Amino acid sequence: MSGERGAAGQAVPPRAVDREDRTEPLGAAPWPATPDADSLAPAARPTALTRPGEPERRVQAGTSRSQNQAANRAATLAPTGRRPHTSAAAPLRPSGRQRTPPPPVRFDLTPGRPDLSAFPRSRWLAAYRAALQAVPHHALTYPDPGGVAELRAELAAYLGRVRAAHAEAGQVVIMNGVALGLSSAVRSLVASGRTTLAVEDPTSDRQLPMLAATGARIVRVPVDDGGLDVAALARTGASAVLVTPAHQYPTGVVLACERRAALVDWARATGALIIEDDYDAEFRYDCEPVGCLQGIAPGRTVLLGSVSKALAPGMRLGWAVAPPWMAADLRGHRELSDLGGPVLDQHAFARLLADGAYDRHLRAMRRRYRGRRDALVEALAAHVPDAVVRGISAGVHLYLELPPGTSETAVVEVAAESGVRVCGARGMWNREQGRPALVLGYAALTECGLREAARILAAAITRARS
Ligand SMILES: Cc1ncc(COP(=O)(O)O)c(C=O)c1O
């Protein structure tokens, strides 16, 4: 895999942060003191024990594998809709080391959240007010279940400009986040008899139970330095694949150029569908982001995105850009399940896109997150030199490989005892994981807080190894 800034497999060298931030308070940015980031900086443009292909195996009772991994696998099979148990601050087993409740969380480094204190409240308020004033009474009736026309048009233009997507408003369907787009697309495939879905290994442990609940047969395909192993994918016989090409979750690698081409060739040759989860592609810090796959294979790709990283996951606002047959299915799914999303939110978001406020917010957040990532990477390199940060400089999380032989579970537990909440990677893997690892979300902590958290985490790693 590519190391931090391309140093494949090397321990991360210390390097200077772009922005000194020493006056920041420790820990999470306070609420609501942080002003809108709108005023801060030009939008980046695109330029299983299972072998590959095997279906996930049911975990036998009494397996010797870890609780997390077993729970994760079981979750991929049991359509319960429950979240799998991950190792983020997992309760301690009665190991004898600790029986008192862990102290309060001082630093929460679990992944998945942007800096919610930077939500552009005043911009959103202005956009919402403008929408309320402009929207005629009749537009407050049940909407087009695929989304209001204004937002679909704005998104088509935005995704074309920023993600090099091949989007027309008619192909855009508004969804409650990537999650609804993903589960609806897979349900549609399963209903049409295309039941085998290939999923990256490792992958998001939050999505696995969601996918299992669709009734799809899940096969896992390994990810390496260059992203998804497309040759292994081709051996699965899958009729669709879920990929995170711009920034693989959780390893952070980017799908290599030749594999992008091979993936598209595979989809065209087999008639399969690529489900492209573009969950954090707005945030690339080292160079221009790579354009989306949908832009080169619009007839074979469903592009999924949302505002969950750019604004807030609680907005539950996202989109799918799909080939016409799938766009019709997705729209139909919304019609049959919830009659569409909230109209005023959609109009407000359309205004945010139209007047450039969304771009301005993203520019500011890119600078902020880049500074935070750099601070964390630098502090980790200083305090845990034999750990390795994998993947590209992007997104709101990073993948930290722990020194070989370290117990991931012990690190999670000991860090929690010191007030630092982290998430182990084991639950995201199906095959043997290789080095133990943590998936660290850095967006919600200040640079000072991240430095302090890295120092405490390093001490926890040392304690866990002793
Ligand atoms: C891999 C991945 N995809 C998608 C999402 C976002 O999902 P949603 O848009 O439903 O909030 C996340 C959020 O953490 C994620 O980790």
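Is alanine 364 buried or exposed? In this predicted model, alanine 364 is buried, with a relative accessible area of 0%, where buried means under 20% relative accessible area, exposed over 50% and partly exposed in between (1.4 Å probe, protein chains only). Alanine 364 belongs to helix H10 (residues 357-383); helices (H or I, at least four residues) and strands (E, at least two) are DSSP runs, numbered from the N terminus. A separation of 9.7 Å is found between the C-alpha atoms of alanine 364 and alanine 118, which are 246 residues apart along the chain.

Residues are numbered from 1 along each chain as its sequence is written, and side-chain values use heavy atoms, with hydrogens and water left out. As the model is predicted, local features need pLDDT of at least 70 and side-chain atom pairs count only at pLDDT 80 or more, while totals for chains, interfaces and linings use all residues. The average pLDDT (the predictor's confidence in each residue, from 0 to 100) of the protein chain is 84, and 79% of the residues score at least 70. Over residues 1-27, pLDDT stays under 50; the model has 74 contacts (heavy atoms within 4.5 Å) beyond four places in sequence for residues 1-27. For residues 29-95, where pLDDT also stays under 50, there are 161 such contacts beyond four places in sequence.

Pockets and cavities were located on a 1 Å grid over the protein atoms alone: a cavity is a set of points where a 1.4 Å probe fits but cannot get out, a pocket is an open set with protein on both sides within 12 Å along at least five of seven lines, and lining residues have an atom within 4 Å of a point. Grid points are joined across faces, edges and corners, and a volume is the space filled by probe spheres set on the points. The largest pocket has a volume of about 770 Å³. Its lining comprises 31 residues, with Pro111, Gly112, Ser204, Arg206 and Lys309 nearest the centre. Both domain 1 (4-43 + 67-118 + 363-465) and domain 2 (121-359) contribute to this lining, so the largest pocket lies between them; the domain bounds come from an automatic or database domain assignment. Helices H4 (177-191) and H5 (207-212) each supply at least two lining residues, and H4 provides the largest share, four residues. By class, the lining has 12 nonpolar, 10 polar and nine charged residues (Ala, Val, Leu, Ile, Met, Phe, Trp, Tyr, Cys and Pro count as nonpolar, Asp, Glu, Lys and Arg as charged, and the others, Gly among them, as polar).

The largest cavity has a volume of about 70 Å³. Helix H3 (149-163) and strand S8 (301-306) each give two or more residues to its lining, and S8 gives the most, four residues. Among the lining residues are Tyr158, Arg163, Asp278 and Trp319. The second largest cavity holds about 60 Å³ of space, and its lining has seven nonpolar, one polar and two charged residues, including His247, Asp280 and Arg284.

In helix H11 (residues 408-417), 10 of the 10 residues are buried, so H11 is largely enclosed by the rest of the structure. The cover over these buried residues includes strands S12 (420-421), S13 (423-424) and S14 (437-441) and helix H12 (447-465).

Threonine 141 lies in the loop between helix H2 (121-134) and H3 and counts as partly exposed, at 49% relative accessibility.
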